[in-house]
Amino acid sequence: MRPTEATRPIKTYSQHLSHDGYISTSYAGEAQMGNYPAAYQASKGSALEVNKAFYQRIAQAQDAREKVDSFVVPIRTGRAWEVPAGHVCRIVTIEGPQVADLNIWNRHDPRERMWASRTRQLQGAHVSTYDRLWSNLPFLRPLATITDDSLADYGVDSDGGRVHDLLGTRCDPYVNRLLTGEDFHFHCHSNLTRAVLPYGLTEFDVHDVLNVFQCTGLNDDDMYFMKACPAKKGDYFEFFAEIDLLCAMSTCPGGDLSVPLWGPDARDPIDVCRPLGVEVYKVDPKLLEGWQSPPVAAYKGHHGMHPEKVQWEGN
């Protein structure tokens, strides 16, 4: 049973200045995040080890890329587009803060798609530069690697919030009906569903998202929270396509999330909704020397299902 406000102990805290100039806050009687080692850790030469120098070159060589596609996604809509392997895709807050809900598939086999929960385990609940977005089973390989992020230095705010969220998922009309008793047809789930229809996909192909530019965390009751988007006009999130990708993005109907979507203070946040820009770049082939698309997972064990030899096959 969780403590109530009346029984929860009053927090006392102390602050410490580390050798690198950061102030850390310690609360008495509370377990601190960051003390316990991560379950999934990279070892030298493992699939989790990232060639940072390669991706840094991709990010820095702005004059060695050619824009091959660009468009604007209006408020409360969705759009799908292709990003060929070896290309870079950038999402931009062209007018100001706005949250984006992103889905990614293998362009040639949509059964392979971004796996938010495994990415959360392998990379973190919030992602940034050099983190990878992994695909589902039985494929399990990086679909994309984040090469640049103008909010990379946001860190952890005073409420424990961080940006580019994998903790939550897309808003949808089903939970909205559950919480409000009303129908609304332009939640991110619906926007993504409409966006992928021209590619032969349906609602069943829409999956858990990466919430780009979204600031989230867990409160003291271990409940998910969303804060106002910290992005400014011109901020961006950029990733490198490891294989041929189909991407789809919704401009969240909650806009910058500065207005509550549910609860006693909820109202229509139409005034804090803004469009987003998408840019796709072809990278100079010289920068890609030595790179190749990652293979699918090597496991071929058939999950222990080895059929016994039948009688008519002989000895």
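Buried here means under 20% relative accessible area, with exposed being over 50% and partly exposed in between, for a 1.4 Å probe and protein chains only. Helices (H or I, at least four residues) and strands (E, at least two) are DSSP runs, numbered from the N terminus.

Before going further, a word on the source: this is a predicted model, in which local features need pLDDT of at least 70 and side-chain atom pairs count only at pLDDT 80 or more, while totals for chains, interfaces and linings use all residues. Residues are numbered from 1 along each chain as its sequence is written, and side-chain values use heavy atoms, with hydrogens and water left out.

On confidence, pLDDT is the predictor's confidence in each residue, from 0 to 100. The protein averages a pLDDT of 89, and 87% of the residues score at least 70. Where pLDDT is low, the predicted coordinates should not be read in detail.

Let me return to strand 11 and ask which strands it pairs with, given that two strands pair if DSSP finds at least two bridges between them. Strand 6 is joined to strand 11 by 3 bridges and runs antiparallel to it, with Asp101 standing opposite Asn211. Strand 10, residues 162–165, also pairs with strand 11 in the antiparallel sense, over 3 bridges, and there Val163 stands opposite Cys215. Strand 12, residues 224–227, is joined to strand 11 by 4 bridges, again antiparallel, and Gly217 has Phe225 as its bridge partner in strand 12. Strands 11 and 12 form a hairpin with 5 residues between them, and Asp222 in the turn has a positive phi of about 65 degrees.

How far away is the nearest side chain of opposite charge? Asp101 is buried yet has no salt bridge, and that nearest side chain, Arg170, is 7.1 Å away. For the terms, Lys and Arg count as positive and Asp and Glu as negative, with His and the chain ends not counted, and a salt bridge is a side-chain nitrogen of Lys or Arg within 4 Å of a carboxyl oxygen of Asp or Glu. Leaving aside neighbours within four places in sequence, the contacts of Asp101 include Cys188, Leu192, Asn211 and Ser250.

Ser250 lies in strand 14 and, at 0% relative accessibility, counts as buried. Not counting residues up to four places away in sequence, Ser250 touches, among others, Thr77, Asp101, Cys188, Asn191 and Leu192.

That brings us to helix 4, residues 188–196, which is largely enclosed by the rest of the structure because 8 of its 9 residues are buried. Among the buried ones are Cys188, Asn191 and Leu192. The buried residues of helix 4 pack against strand 4 (78–83), strand 6 (100–106), helix 3 (173–180) and strand 14 (245–251).

Turning to the nonpolar cores, each is a set of buried Ala, Val, Leu, Ile, Met, Phe, Trp, Tyr and Cys residues joined through side-chain atoms within 4.5 Å. The largest has 40 residues, and those with the most contacts inside it are Trp81, Leu102, Leu210, Phe213, Phe239, Leu245 and Met249. Strand 11 supplies the largest share of this core, 4 residues. Another core, of 13 residues, lies apart from it, including Phe54, Val88, Val283 and Leu287.

I will finish with the backbone. Most residues other than glycine have a negative phi, and most peptide bonds are trans. A cis peptide bond joins Leu137 and Pro138, with omega about 5 degrees, and Pro138 sits in the loop between strand 8 (132–134) and strand 9 (142–149). Tyr130, in the loop between helix 2 (116–122) and strand 8, has a positive phi near 80 degrees. Leu257, in the loop between strand 14 and strand 15 (276–283), has a positive phi near 65 degrees and, at 8% relative accessibility, counts as buried.

Definitions and conventions:
Contact = heavy atoms within 4.5 Å.
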